[in-house]
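Welcome! Take a moment to look over the structure below, and then we will walk through it together.

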Amino acid sequence: MSGETDLGRLLAGMRPELRPGTYVFAVVDDDAVPAGLTPVMSFREAEGTTLILPEAQAARAGLTGAFPCRWITLTVHSSLAAIGFLAAVTARLAERGIAVNAVSAFHHDHLFVPVARAEEAMGVLRTLADHAASGSPVVERP
């Protein structure tokens, strides 16, 4: 399996990237994505198919969007079998009271955070990466 699994290297190398635009979560009744939409993620659940897509696309399609957010990509190539990476990242954001919806893809992990807290989240993530790169303990272990 490709990708990094070492937690210290993952944290030190995550280089968060804030993508432009505002995204929302929307749901459609079936697996059919309305024409003209280009969701960045779709996931089928029993209740419907969740889409993460640009807010403007959702509005044009008449979809009710929830959780207006910004998209942060953690650019380190994380293994799907990595242990504790997202736990460490989301715990640090939770300490600051920042809501986060995390999505893992084959190469990277992605975070969706409230629009108003995106820059603060970037600062938290950069600090976490800097501490890991300097060899400072970033994860408390029991």
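## A helix and its neighbours

Which elements do the buried residues of α4 pack against? They pack against α1, β1 (16-18), β5, α3 and β7. Keep in mind that this is a predicted model.

Let's see which residues sit where. The buried residues of α4 are Ala118, Ala121, Met122, Val124, Leu125, Leu128, Ala129 and Ala132. Looking down the axis of α4, you would find these buried residues within an arc of 165°, so they line one face of the helix.

After α4 comes Gly135, which has a positive phi, near 85°.

## The nonpolar core

Now for the inside. The largest nonpolar core contains 22 residues, and Met14, Phe85 and Val89 have the most contacts inside it. At least two residues of this core come from each of α1 (7-12), β5 (66-74), α3 (85-95), β7 (109-114) and α4 (118-133). The helix α4 gives the most, with 8 residues.

## A close look at Met14

What does Met14 touch, leaving out residues up to four places away in sequence? Its partners are Leu74, Thr75, Val76, Phe85, Val89, Leu125, Leu128 and Ala129. You have already met some of these names: Leu125, Leu128 and Ala129 are among the buried residues of α4.

Terms used
Residues are numbered from 1 along each chain as its sequence is written. This is a predicted model: local features need pLDDT of at least 70, side-chain atom pairs count only at pLDDT 80 or more; totals for chains, interfaces and linings use all residues. Side-chain values use heavy atoms; hydrogens and water are left out. A nonpolar core is a set of buried Ala, Val, Leu, Ile, Met, Phe, Trp, Tyr and Cys residues joined through side-chain atoms within 4.5 Å. Buried means under 20% relative accessible area, exposed over 50%, partly exposed in between (1.4 Å probe, protein chains only). Helices (H or I, at least four residues) and strands (E, at least two) are DSSP runs, numbered from the N terminus. Contact means heavy atoms within 4.5 Å. The arc is that of the directions from the helix axis to the C-beta atoms.
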